[in-house]
Structures are given as C-alpha cells and as structure tokens.
Amino acid sequence: MFGKRKDSNDGKRMPSATGHVPSVENGPSRPAYVIERYAAYYPMNNRRRGMALIFSHYKFAVQHQNLPAREGNEVDCKRLTETLQMFGFDVHIYRDHKLEEIKAVTRKVSQMDHKDNDCLLVAVLTHGEDGDIVFAHDCAYQFPVIWSQFTADSCPSLAGRPKIFLIQACRGTHLETGVKVQRDGIARYSIPTHADFLFAYATIPGFMAFRNTSDGSWFISELCNEMRDNGHKYDFLTLLTFVAQKVAFEHESVSNHQEFNMRKQMPCIVSMLTRVLLFNSV
C-alpha cells in the first residue's frame with residue numbers, strides 16, 4: 001500500500017528536540033495516590049499532564065552486531081512529539097543514547113516529584129529481539145531496566161497514576177502472514193507496586209515490527225492518527241484497540257525481497273491499569 005517506498009523492520013534481521021532532563025528537586029515520599037478506592041477514572045485534571053520521554057534510536061554502534069540505521073525514525077519522532085504536545089505532555093527527546101545515559105535519565109525522572117502530574121509516558125523507538133530485549137546505541141538490554149524504575153515502591157509520587165510505555169521495536173524474527181476473511185470519596189489503601197502500568201507494543205512476542213523508510217512505522221503512525229482524531233472521545237485502551245485494528249487490517253509490507261513482502265503485523269497491548277484512562281478532565 002506504499003507503492004514503491006519500502007518497508008523496513010525494527011529487528012536485526014534485514015533483507016540487506018535534544019534530550020534534557022529538567023532539574024526538579026526530589027519531592028517527599030508520599031503514600032499511594034489519594035483517590036476514592038473504586039473511582040472509575042484516573043484523574044486527568046492535575047496542574048500538568050506529565051512528562052513524555054522519547055528514546056529515539058536511528059544509528060547504532062553495538063559491538064559484534066551490524067544493526068542497520070532505522071530509516072523513517074525521525075518521521076515517527078516528529079509525529080509522536082507533535083501529537084503528545086497536543087495532549088499537554090512535556091516532551092523530552094533523547095536521540096541515540098547509550099544504555100548508561102538512558103538509565104541516568106530514567107533514574108533522575110523516577111526520583112522527581114510527580115504529585116502535580118496526571119501521568120507519565122515513555123516511548124522507545126529502536127531495534128528489538130525476542131525476550132523483551134531492545135537496543136540502546138551501544139548495547140542490548142532488557143526492557144524492564146527502564147520501566148521497573150517507575151513501580152510504586154521505586155517512584156512513590158507516581159503510585160496510582162497511569163504509566164504508559166510505547167515500544168516500537170521488533171520482538172523476534174517471525175513474519176506475520178495474512179489470512180483472507182469472508183463476511184456472510186477519599187480513602188487510603190494499599191496497591192500492588194506493579195499496578196497502573198500500560199504497555200503498548202508494536203507487535204506480538206516473537207514477531208517483527210515494520211517501519212516504512214519514508215513514512216515511519218505503521219504502529220506509531222496509526223497511534224498518532226487515532227489520538228488526533230479520537231483522543232478526547234475514547235479512553236486510551238479503546239484507542240489502542242482501534243490502533244491495532246488499523247495496523248492489522250490496513251497495512252501490508254512492500255519489499256523487493258519475497259520473504260519480507262506482503263507481510264502483516266499485530267500490535268500487542270498489556271494492561272495493568274486499574275481505572276479508565278481518558279485524556280480529558282473527568
């Protein structure tokens with residue numbers, strides 16, 4: 001569907017705003033988010049929407065690995081930045097960071113006081129492999145290295161607030177094929193430390209994620225389109241369902257290599273949310 005423009009992927013197997021962490025003093029350790037125990041919606045009317053960290057990887061220098069440049073990455077980065085800013089996020093972009101630099105950023109952000117923020121969003125645009133492995137500029141690492149710093153015990157001021165992670169990366173080397181379908185009150189209470197996380201992966205475990213070299217990745221493109229069109233109308237999990245629908249039904253890879261031609265992709269959503277997440281004042 002992309003004519004002669006070719007689709008690439010975000011794994012090793014191939015056919016051939018500068019980042020700055022604002023200086024914020026650590027806030028006091030706080031109890032779990034003070035909100036009615038069975039409130040249906042996450043409050044989205046705090047003073048700030050929250051921070052959005054985008055780890056954008058284009059080139060790599062990984063020892064003993066020949067990772068190709070991620071052509072089309074800047075399209076994703078620009079589109080995602082503009083969309084998140086529309087929703088009030090304070091966006092920070094970190095381009096081609098090494099692993100220790102990534103850990104330094106997430107460590108510093110996890111130590112900030114987020115009491116006036118609605119939520120946190122982290123996007124990782126990179127290459128990936130099976131087993132929850134993604135790539136920094138200089139090496140591979142397990143994705144929990146990033147998100148585990150924001151659990152309720154590690155980042156108390158985000159306890160009870162949604163923490164959204166978007167991962168545009170391959171999760172293996174398998175290729176998805178298509179099948180034709182025919183139509184005939186205030187309460188203090190304890191919460192699990194891993195509550196209120198949402199992970200939106202570009203693809204299911206073991207499979208490749210595609211990225212058009214001119215138009216960017218299918219997943220980020222459809223996510224931004226859906227947020228722009230319906231972001232204040234539907235809750236975020238519903239939006240992600242429609243994103244998965246668009247990626248699954250409307251996209252098919254175009255490649256000169258038969259193995260990579262006419263392939264499909266299925267996003268994967270993992271939710272530990274405990275309330276409805278709607279980017280609006282409720």
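Mentor: A charge sits over a ring if NZ of Lys or CZ of Arg is within 6 Å of the ring centre and within 35 degrees of the ring normal. In this predicted model, K163 lies over the face of F197, at 5.2 Å from the ring centre.

Trainee: Which residue has its charged end over the ring of Y201?

Mentor: That residue is R171, with its charged end 3.7 Å from the centre of the Y201 ring.

Trainee: How is a pair of aromatic rings described?

Mentor: Two quantities are used, the distance of the centres and the angle of the planes. The whole structure holds 16 aromatic pairs. In one of them, F143 and F165, the ring centres are 6.1 Å apart and the planes stand at 85°, so this pair is edge-to-face.

Trainee: Where do F143 and F165 lie in the fold?

Mentor: F143 belongs to the loop between β7 (140-142) and α3 (144-147), whereas F165 is in strand β8 (residues 163-168); the pair therefore ties together parts that are 22 residues apart in sequence. Both F143 and F165 are buried.

Trainee: Why is the pair of F150 and F165 classed as tilted?

Mentor: The planes of F150 and F165 are at 50°, with the ring centres 6.3 Å apart, so the pair counts as tilted. The cut-off for edge-to-face is over 60 degrees, and that for stacked is under 30. Since F150 is in the loop between α3 and β8 and F165 in strand β8, the pair links parts that are 15 residues apart in sequence. F150 and F165 are both buried.

Trainee: Which residues form one aromatic cluster?

Mentor: The cluster consists of F143, W147, F150, F165, F197, F199 and Y201.

Terms used
Residues are numbered from 1 along each chain as its sequence is written. This is a predicted model: local features need pLDDT of at least 70, side-chain atom pairs count only at pLDDT 80 or more; totals for chains, interfaces and linings use all residues. Side-chain values use heavy atoms; hydrogens and water are left out. Rings of Phe, Tyr and Trp (its six-membered ring) pair if their centres lie within 6.5 Å; planes under 30 degrees apart count as stacked, over 60 as edge-to-face and the rest as tilted. Helices (H or I, at least four residues) and strands (E, at least two) are DSSP runs, numbered from the N terminus. Buried means under 20% relative accessible area, exposed over 50%, partly exposed in between (1.4 Å probe, protein chains only).
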